[in-house]
Amino acid sequence: MSAPLRVIGVSFLNARPLVAPLQADPPCGPGGEPLFTVTEAMPSACAQALANGECDVALVPVATLLDHPEWEVVPDVAIACRGAVETVVVAAKRPLEALTRILIDDASRSSALLLRVLLAERGLSPVLEIVPHGAGAQRVSGETGALIIGDAAFGLGDRFAHTLDLGAAWFDATGLPMVFAVWAARPGCLGPEHLEALQAAKDRGLRQIETYAREYAARPEATLAESHYATYLRRTIRHGLDAYEREGLVEYLSRARAVLGLDAGGDDDGAHVRFADAGYAPLRRSTGAASLGTCAQILARAQAGERISLREGLRLYDEADVLDLGAVADARRAALHPEGVVTYIVDRNVNYTNVCTARCKFCNFYTPPGGRGGYVLSREVLAEKFRETEALGGVQILLQGGLNPELGLSWYEDLFRWTKANFSLRLHALSPTEVIHLADLEQIPIREVLVRLRAAGMDSLPGGGAELLSDEIRNRISPFKNTTDEWLDVMRQAHMLGMKTTCTMVFGFQETGDHVLTHFDRLRTLQDESLARDNGGCFTAFITWPFQADGTRLKLRDDTSAWRYLRLQALARLYLDNIPNIQVSWPTLGPEIGEVGLRFGANDFGSVMIEENVVSQAGAHFMLTAEQIEHHIRQAGFVPARRNMQYELLGTPEVAVGARA
Amino acid sequence: MIRTDARLLEIERKLDDRTPLSFDDGMFLYRFGDLCALGSLANGVRERMHGDRTYFNINFHINATNVCHADCKFCSFARLEPGMPQAYTMSLDQIRGKLAERRDQAVTEVHIVNGLHPGLPWSYYLDTLRVLKAERPEIHLKAYTAVEIHDFATRHGKSYETILRELVDAGLGSLPGGGAEIFADRVRRKICRDKATGDQWLDVHRTAHRLGLRSNCTMLYGTIETLEERVDHMLQLRALQAETGGFQTFIPLSFHPDGNDLGKLPPPTGMDDLRTYAVARLMVDNIPHIKAYWIMLGIKTAQIAQSFGADDIDGTVQEEKIYHMAGADTPQALARVDLVRLIREAGRHAVERDTLYNVLWEDDGAPLPGIRLDSSVPYSAGGKRHLPIAEQPAASVRLQGGAR
């Protein structure tokens, strides 16, 4: 039994929903032992205590993450705002531009740094003087203003002629939320039970907002009505940390680094946050269960079409001979697709913008907003590409792009309507990551984004942005992009609407068997759920490929060999027993391995890619015509046939002379 | 994996009994649909002979001239006459310079293959070997294909034996396996009518083996030959090996169509490559090694081939010209660390050899720069490590003449 973790929370009102439940109803471990001991302090003191080892977990200002990239951040919990925050305010008698000195409250480094970022963008350089918490307001005079934070800032608008709400100013400058504080822990001390307890405490706290508002309004220093505090806690402050907040967090950390002159450039990772990860619960539960068959037994069961368990999948991952895996995957492929036909599609990959806020370390395609070389394709360029696609017999556009804060939902709706009005092309458009971005940008539910896009002409969703569906890996390679749950939720919503989607996995991020099998299991579980609905919404295909590292910021090295690809693809064919089609990824591996992949579980040769921009920026350079693709399919002993995204054959495949399926 | 095909089971029994496979067996295997089952069979033989070792060596190539009086349809390298665009012939100083500039590299072998130059004096070829030996006496010279030896003999009125003896005196260490193409006359008449016939090629190697020289052998596939002609080619090699025991390594070579007269043929395919490696391993059971020439196959296919019968991936080849003029887009040289990585990723145990397969270095699994993989990690091709070698193929090679 381990000792309780020492936790320091912040004493401000906005932290009450996160901290108070830990005190009122202390969470306990499985043996009834308390998980935490809790005290309170000012934000900057919290960070200091964590840095000094005086506590294990603390609610820290996010700016301190710049000094402590090793700290593990609790996912899904934060103190943030989207727009005005009310309690981080510059108060003055004159406008900001007229101030020669600003007194800075020493309680939070994040707010001070935020002010510096905003001043730098306005080209202002007043003297900044650090003063003790709460001392600034009394000294405001003439050309001297004060940055006032925390509860002391309530109601300042009534007392000063000029106030600048930094949450609002940040939102105006970036269109993004501002994250002020997060739970951070010394590395290695948070277990799954701690993460669950801290997240559950937040959920409980959010149900107690009226209580906290009433308690606060009863304090002698409170000057406002109880209802004001309740609204502040419920609407102004956001206590979650979803993809949109993470976008804001990375933008803040990047700009803060620039202001501090920390931007060394090159390979240095400008903004790093390390999220703690509880792991995949079914995987944790599966250890120590009943006896497991040998590889041969598991393969025999898989060959007979039986479902294999998570632990059986892990055994195959660890121990199975790759040729045995391939042979069984080939047998499963033959059972699922006995016609001896291998399909492919003629479509064009159009990347409508490269501007992206996600800053994924594995990507060599994006340009951050405002960066050089950012583009959004014009209608003229798109029309040209679409016309060419039709001329080449293409039936579909695979439309994906960056998370561009300039492009709202109506831009996409207009684009899709225009496409449908002028071309006879299907739109396989927008990965879940882009859909989440649009929902955040428009502040509407995922489902509404999908409904509107679909009404405008979206036919299906590509499975990009999944990378590895393990938050431990995602937190390492793309900490500011959507989480596993968020990605799956978009697919779930799309399937609920009856839409077809694909799913993917990118490997080569130093993932283990646990990560890979977790990825497979989450896809299989969701597919079970979707198929049970029987409304046509489901995954049609799975595609995996190795991470292409050239020119990206991710310097890790891993096994991205063709062997690993074939092994993982064969394993996917066995594990994903409810996903009908598997595509080879010849653009990353070359057509020769693509051919071989058709004997390792795949039944589809993917796309005659008329254009590809993303992996080709990172070292993959293969182009094939339809004629060449058909040649490779025949070499593997199959009859080639064209299809659409729904895997309906277009035309009749040639008579299967000599096909050896 | 449960094998159910009766014919395949019969072949498996033959392999277990060490019974050589028949021509019909070879044709059945070539046409058998289950790629992984074919690979498993070949891999079984490969691991019986070599465990999980994959050999490599550190060598470089010299192609001293591309002037060639033979007009082979599959070749993008040869320029027929001196003075034609891109035609070149190195001086002896240039040849020496190729080795001298590698003074700091642990090269153990020079691989020398040239065009059939109509005008160079016999002494040029002897001197080539002499200047290299003078520069670096310990280096092994694997030089001149049987086609060149036949050409020397014809032009200078000497027997194969005399030619070979003079070359050995000048420093020749062994013969490369090139020029075999496909032995069938039908094919040779169409794609390489100007050079040694299949019988002549085999006779040069027979003579070399009698003199105590080791040699390699090749097969060029993917031009106009039939599967029957490939299997026949393999059986002819197996027959000569049964007679002499002098071949070390069989190297199937895939045809690359760019820049030559057969450019209309389809490019090589991964499936055909792997089938050919597997069938080669299974049919030619008496030649110890099967080499997957990575520079031709590409790195990815070369990795896969290590579980389809191949146990050798050649070396850190530098200055390869012949395949690159035919469109091979592999990097021109792999550093030693890259070769080890390539082998580790294929789940194999890297062994550096010299030309005669003496072990110079074995992978100890130590971390290498930029490589996460070490031998404690079971990797893609399965967790196999340091498999025992069931039989010692090299010991079965009987040399009749004895080395001079």
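What share of the contacts in chain A with a separation of 6 or more comes from residues 24 or more positions apart? The answer is 80%, where a contact is a pair of residues whose C-beta atoms, placed from the backbone, lie within 7 Å.

## Ground rules

This is a predicted model, so to speak: local features need pLDDT of at least 70, side-chain atom pairs count only at pLDDT 80 or more, and totals for chains, interfaces and linings use all residues. Residues are numbered from 1 along each chain as its sequence is written, while chains get letters from A and ligands numbers from 1 in the order in which they are written.

## Chain A as a whole

Chain A has 23 helices and 23 strands; these are DSSP runs numbered from the N terminus, with helices being H or I of at least four residues and strands E of at least two. Its radius of gyration is 27 Å, close to the 26 Å that the globule rule gives for 661 residues, so chain A is as compact as a globular protein of that length. That radius is taken over C-alpha atoms, and the rule is 2.2 Å times the number of residues to the power 0.38.

Along the principal axes, the C-alpha atoms of chain A fill a box of roughly 90 × 65 × 45 Å. Of its 661 residues, 53% count as buried, meaning 20 or more other C-beta atoms within 10 Å of a residue's own, with C-beta atoms placed from the backbone.

## Where the chains meet

On the A side, 35 residues are in contact with 36 residues of chain B. Helix 12 (322-336) of chain A is among the elements giving two or more residues to that side, and helix 12 gives the most, with 7 residues. By type, the A side splits into 13 nonpolar, 8 polar and 14 charged residues (nonpolar: Ala, Val, Leu, Ile, Met, Phe, Trp, Tyr, Cys and Pro; charged: Asp, Glu, Lys and Arg; polar: the others, Gly among them).

## Helix 14 of chain B

Helix 14 (residues 336-345) of chain B has 7 of its 10 residues buried, so it is largely enclosed by the rest of the structure. Among the buried ones are B:Leu339, B:Arg341 and B:Glu345. Their cover includes helix 20 (562-575) of chain A, along with strand 10 (349-353) of chain B. Just after the helix, B:Gly347 takes a positive phi of about 75°.

## A parallel pair in chain B

Strand 2 (residues 59-62) of chain B runs parallel to strand 3 (residues 109-112), joined by 4 bridges; pairing takes at least two DSSP bridges. B:His61 has B:His111 as its bridge partner. B:Asn59 and B:His61 point one way, B:Phe60 and B:Ile62 the other, and all are buried.

How values were computed: Buried ≥ 20, exposed ≤ 12 C-beta atoms within 10 Å, placed from the backbone. Contact = placed C-beta atoms within 7 Å.
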